[in-house]
Amino acid sequence: MKKIKNYINGEFLESSTKNKIDNINPATGKIISTFPRSNHNDIALAVNVAKKSFLSWKNLSTKERAGYLIKLGEEIKKNANELAAAETIDTGKPIQLSKKMDISRSSKNLIYFGNAIIHNSSEFHKMDNNTFNYTLRQPVGVVGCIAPWNLPLYLLTWKIAPALATGNTVIAKPSELTPYTAYLLSKICKKINLPKGVLNIIYGLGSEAGEALVLHKDVPIITFTGGTETGKKIMKNSARNLKKISLELGGKNPNIIFDDADINLAVDISIKSSFLNQGQICLCGSRIYVQKNIYKKFKIKFLRKVKKLTVGDPEDINTDLGAMISKDHFRKVMGFIEKAKQEGASIIQGGNSVSNDGKLKGGFFIEPTVIEDADINSEINQKEIFGPIVSLNYFDNEEDVINSANNTNYGLSASIFTNDLNRAHRVANLIDAGTIWINTWLLRDLRVPFGGMKHSGIGREGGIDSLQFFTESKNVCVKYE
Ligand code: NAD
């Protein structure tokens, strides 16, 4: 069994309490590793060393800092097989997905921000009368990076990379459900001789280690990806020390399919957006709206493909859906299916847990599930389920579907399927969401702003938005004779 340790000042340490937490493989229900149950003392230690390392890291040349990030990214690429296998046993996600999406993107995050910082620039504003302004962008200090379990290394590196690139030092707090790839990352940091104290990784519970990080007075900036309710707590706790915060939260995203769309494309993409990673992606399209006159045709084609999806061993390259992240989450998702039935909706496909024999006997598996006739205000169409559950709905016209799409507290993303150019742009303009995809889904360019409206978050990350978030802008006004 693997023993994960905190990574502080370039050393591997147990927590000050010596307490450990078991890490479970959700596909088997078996313990695969233990990790430290860290508390405020461990956070304080890490903050101390991150503060000490700040000046020398910030004063390194941009090229040298970028070099470390690019090296980390390259090492992730070299170790992709080991990292993907670790991600799969930690999360229960299919191995192909870990390779193609999680680990590949983790490497890209580091390489992208390593290059982005080299090509970064800042503003210059000329005034009349021999006066001009220029903007300095300076690192903020010690950054707290808090990540969720659904894309563990992918989202951790999405935060660490720009924070380090801009000259900050970092305390990273991975999810207590998926600590393992962060530990492998710390080993890679050691291998490439990343300067000590620049990146520190602390494991533990959100309510203990996470909260201590957010409350620490010497951590002036927090970037958080996770659930909306946790985001609200983080905002409240950050307010005590007036911290800079970025919150990337939940979603309840619509897929909107007009009658002029390429129906086969819409079906194929909707299969992915409904069930990829067992529906445990914040960007999943969990509400499908199809124009009335093609609804039946779409439904037949969609269900035919859902029936072909395989649920099973995440380590098998042919598996489409692996396990749910934990027993608690499995129960929560099954509870939503029960609630949908009680609210009068119809389960037209799936709806059951999946039992297995052999090594997967203790795993948490659910069938891909399609629900019809759910009321627009029902839980199934309002709450973020974060599981392999999608609702099928129909609409009459543009106005009707825009109202339905916007009828949730969330505003993270939406996908629109149409071949009418004017309609595509018109509807994109009217949907309340931070990302709109047209005839596609989950296509990500790391330069674009990423984030959500309403209860899906505060602020944007990605490209220049990340580089700005992790820096303080300073205006210098110059008058010359
Ligand atoms: P979560 O909010 O339970 O936990 C996220 C992280 O916050 C974990 O590391 C946890 O330990 C920590 N945490 C928990 N309580 C804390 C506290 N009081 N103070 C500080 N840290 C605390 O979320 P989760 O269940 O891990 O992730 C699933 C959620 O994340 C979903 O809602 C999903 O939509 C969202 N998500 C959003 C995005 C996005 O980019 N918008 C991406 C991925 C996931």
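A cavity, as I use the word here, is a set of grid points where a 1.4 Å probe fits but cannot get out. The model I examined is a predicted one.

**Entry 1: cavities**

I looked up the second largest cavity and noted a volume of about 90 Å³. I counted 14 residues in its lining, and recorded Gly 279, Cys 284, Ser 286, Glu 384 and Phe 386 as those nearest its centre. Sorted by class, the lining of the second largest cavity holds 6 nonpolar, 6 polar and 2 charged residues.

I then turned to the largest cavity, which contains about 140 Å³ of space. Its lining consists of 15 residues; Tyr 154, Leu 155, Cys 282, Leu 283 and Phe 450 lie nearest the centre. Helix α5 (residues 152-165) supplies the largest share of that lining, with 3 residues. I classed the lining of the largest cavity as 11 nonpolar, 1 polar and 3 charged residues.

I recorded the division of the protein chain into domain 1 (2-249 + 456-479) and domain 2 (254-445). Their C-alpha centres are 30 Å apart. At the interface, I found 26 residues of domain 1 in contact with 32 residues of domain 2.

The size of an interface is often given as the accessible area lost when the parts come together. For domain 1 and domain 2 I noted a buried area of about 2,200 Å², with carbon and sulfur atoms giving 62% of it. I also looked for salt bridges across this interface, and the rule finds 0.

**Entry 2: the largest pocket**

I looked up the largest pocket and recorded about 1,200 Å³ of space. How many residues line the largest pocket, and which lie nearest its centre? I counted 42 lining residues, with Trp 149, Phe 224, Gly 226, Gly 227 and Thr 230 nearest the centre. The elements that give two or more residues to this lining are α7 (206-215), β11 (221-225), α8 (228-239) and α11 (327-342). Helix α8 accounts for the largest share, 7 residues.

By class, I noted 15 nonpolar, 17 polar and 10 charged residues in the lining of the largest pocket. I checked the domain origin as well: domain 1 and domain 2 each provide at least three residues of this lining.

**Entry 3: salt bridges**

Side chains of opposite charge can pair when their charged atoms come close. I searched the whole structure and found 27 salt bridges. I examined one of them, in which the side chains of Lys 77 and Glu 74 meet with an N to O distance of 3.6 Å. I located both Lys 77 and Glu 74 in helix α2 (residues 62-78), 3 residues apart, which is about one turn of the helix.

Conventions. Residues numbered from 1 in each chain as written. Predicted model: local features only at pLDDT ≥ 70, side-chain atom pairs only at ≥ 80, totals over all residues. Heavy atoms only, no water. 1 Å grid on protein atoms, 1.4 Å probe; cavity = no way out; pocket = protein on both sides within 12 Å on 5 of 7 lines; lining within 4 Å. Points joined across faces, edges and corners; volume = space filled by probe spheres on them. Helix = DSSP H or I, 4+ residues; strand = E, 2+ residues; numbered from the N terminus. Nonpolar A, V, L, I, M, F, W, Y, C, P; charged D, E, K, R; others polar. Domains from an automatic or database assignment. Contact = heavy atoms within 4.5 Å. Buried area = accessible area lost by both parts, 1.4 Å probe. Salt bridge = Lys/Arg side-chain N within 4 Å of Asp/Glu carboxyl O.
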